[in-house]
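This briefing goes through a protein model by topic.

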Amino acid sequence: MPNLKIFKADFIKQTEEVLAALRPELKKSQKDFGKLDELSHKLKGSCATLSINSLYAPSKKMNEAARKHDFVTVEACQTEFELAFVEFKNIEKKWADSLK
């Protein structure tokens with residue numbers, strides 16, 4: 001079980017790092033769609049690898065929108081992803097607490 005805990009903690013930490021890089025990119029007046037594509041692709045890949053569908057779906061839509069230079073959809077998907085990520089962390093914490 002400790003390996004799974006470390007794995008999940010790494011996923012959460014890495015996702016938080018990508019989101020921390022994504023947020024300021026969204027606030028820039030001159031949008032760097034290459035950077036938005038790169039960051040959303042990282043989110044999509046890690047969520048797909050772990051089969052976390054509630055996070056994969058908005059990250060996939062965000063990545064597709066970044067490639068189309070559709071900022072409104074990128075921003076909407078980022079919000080959807082952030083909310084799903086909070087829910088994921090809450091569920092993970094409840095699960096971890098239940099094992100104590």
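**Largest pocket**

Phe7, Asp10, Phe11, Gln14, Thr15, Glu17, Val18, Lys42, Leu43, Ser46, Thr49 and Leu50 form the lining of the largest pocket. Two elements, helix H1 (2-27) and helix H2 (33-49), each give two or more residues to this lining. The model is predicted: local features need pLDDT of at least 70, side-chain atom pairs count only at pLDDT 80 or more, and totals for chains, interfaces and linings use all residues. Residues are numbered from 1 along each chain as its sequence is written, and side-chain values use heavy atoms, with hydrogens and water left out.

- H1 supplies the largest share of the lining, seven residues.
- The space in the largest pocket is about 200 Å³.
- A pocket here is an open set of points on a 1 Å grid over the protein atoms alone, where a 1.4 Å probe fits, with protein on both sides within 12 Å along at least five of seven lines; lining residues have an atom within 4 Å of a point.
- Grid points are joined across faces, edges and corners, and the volume is the space filled by probe spheres set on the points.

**Overall fold**

- The protein has four helices and zero strands, in the order α-α-α-α along the sequence.
- Helices (H or I, at least four residues) and strands (E, at least two) are DSSP runs, numbered from the N terminus.
- The C-alpha trace spans about 50 × 20 × 20 Å along its principal axes.
- Among contacts (heavy atoms within 4.5 Å) with a separation of 6 or more, 59% join residues 24 or more positions apart.

**Surface and charge**

- Of the 100 residues, 35% are buried, meaning under 20% relative accessible area with a 1.4 Å probe and protein chains only.
- The accessible surface is about 6300 Å², and carbon and sulfur atoms hold 56% of it; the areas come from the Shrake-Rupley method with a 1.4 Å probe.
- The 18 positive and 15 negative charges have mean positions 3 Å apart.
- Lys and Arg count as positive and Asp and Glu as negative, while His and the chain ends are not counted; each charge is placed at NZ of Lys, CZ of Arg, CG of Asp or CD of Glu.

**Lys8 and Glu92**

- Lys8 lies in helix H1 and is buried, at 13% relative accessible area.
- Beyond its neighbours within four places in sequence, Lys8 contacts Glu92 and Trp95.
- Glu92 is in helix H4 (residues 71-98) and is also buried, at 18% relative accessibility.
- Not counting residues up to four places away in sequence, Glu92 touches Lys8 and Ile12.
- Glu92 and Gly34 are 58 residues apart in sequence and 32 Å apart, C-alpha to C-alpha.

Note on methods
Buried means under 20% relative accessible area, exposed over 50%, partly exposed in between (1.4 Å probe, protein chains only).
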